[in-house]
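Subject: Structure handover

Hello,

Here is the structure for you to look through. My notes on what I found follow it.

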Amino acid sequence: MADLGVELLLEVLPKLDHYQSKKQTQEDSQATLAPKINKEMGFINFKTWTAAYCDRMYRAIGSEHGIWVQFGDKKVKLVEICDIQDSDNNNKAPAGMLIYSHPSRLFILHFKQGSVSVSKLQVATKRVTTAQEFYNGYITSLQNITKVLVRSIGCNSNV
């Protein structure tokens, strides 16, 4: 990258006067402002989000604020997501359903369209854990896992 920067500087600097004479000022009336990013933008809304939208939000604000779900009374941040499947769910899992895959050692989080695999999570005020550590330490300590997951993470409250 540094080599490319040097090449571009050597190409542009001799012609700088030419480029500056061609500059155009931006009309303030044509400018648009993006909304200010805040932590609440990262809350996953399973009624509206798709897997593709989750991926875009993860890449846009994931490093600063993170994307997260409410799991019971705990806020759980999705620290690392991978393998975005943007097609309809083959098994028709409801949006918000979190399923642990033993073979891949990942959580699969389902949306109204598609799913994402989650490899690292973080419960608020705790350390980052792998999906397997989260499953072994947190999920298995809960009773009636399926109902807790659907009620806590899903948008279906009557399950």
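In what order do the elements of the protein run from the N terminus on? The order is α-α-α-β-β-β-β-β-β-α-α. That comes to 5 helices and 6 strands. Helices (H or I, at least four residues) and strands (E, at least two) are DSSP runs, numbered from the N terminus.

Two points on the source. This is a predicted model, in which local features need pLDDT of at least 70 and side-chain atom pairs count only at pLDDT 80 or more, while totals for chains, interfaces and linings use all residues. Residues are numbered from 1 along each chain as its sequence is written, and side-chain values use heavy atoms, with hydrogens and water left out.

Overall figures
The protein has 159 residues, and 33% of them count as buried. Buried means under 20% relative accessible area, exposed means over 50%, and partly exposed is in between (1.4 Å probe, protein chains only). The protein exposes about 10900 Å², with carbon and sulfur atoms supplying 51% of it. Accessible areas come from the Shrake-Rupley method with a 1.4 Å probe; for residues, only the protein chains shown count as cover. Among contacts between residues at least 6 apart in sequence, 57% join residues at least 24 apart. A contact means heavy atoms within 4.5 Å.

The core
The largest nonpolar core has 28 residues. Such a core is a set of buried Ala, Val, Leu, Ile, Met, Phe, Trp, Tyr and Cys residues joined through side-chain atoms within 4.5 Å. Ile44, Ile67, Phe107, Leu109 and Phe111 have the most contacts inside it. Elements that each supply at least two residues include α3 (51–61), β1 (67–71) and β2 (74–85). The largest share, 5 residues, comes from α3. Take Ile44: leaving out residues up to four places away in sequence, its contacts include Trp49, Cys54, Ile67 and Phe111.

Helix α3
Buried residues in α3 include Ala51, Cys54, Asp55 and Tyr58. The buried residues of this helix pack against β1, β2 and β5.

Strand pairing
Two strands pair if DSSP finds at least two bridges between them. β1 and β2 run antiparallel, joined by 5 bridges. Gln70 has Lys75 in β2 as its bridge partner. The two strands form a hairpin with 2 residues between them, and Gly72 in the turn has a positive phi of about 65 degrees. β2 also pairs with β5, antiparallel, over 7 bridges. There, Gln85 stands opposite Ser115 in β5.

Salt bridges
How many salt bridges does the structure hold? There are 2. The term means a side-chain nitrogen of Lys or Arg within 4 Å of a carboxyl oxygen of Asp or Glu. Asp55 bridges to Arg59, with the closest N and O atoms 3.3 Å apart. Both lie in α3, 4 residues apart, about one turn of the helix. Asp55 counts as buried because its relative accessibility is 18%. Arg59, at 58%, counts as exposed. Glu133 bridges to Arg127, with the closest N and O atoms 3.8 Å apart.

Surface patch
Leu9, Val12, Leu13, Leu16 and Tyr19 form a nonpolar surface patch, with about 430 Å² of accessible area together. α1 (2–12) and α2 (16–21) each give two or more residues to the patch. Patches are made of residues with over 30% relative accessible area and no salt bridge; like charges are joined within 9 Å, nonpolar side chains (Val, Leu, Ile, Met, Phe, Trp, Tyr) within 5 Å. Val12, at 31% relative accessibility, counts as partly exposed.

Best wishes
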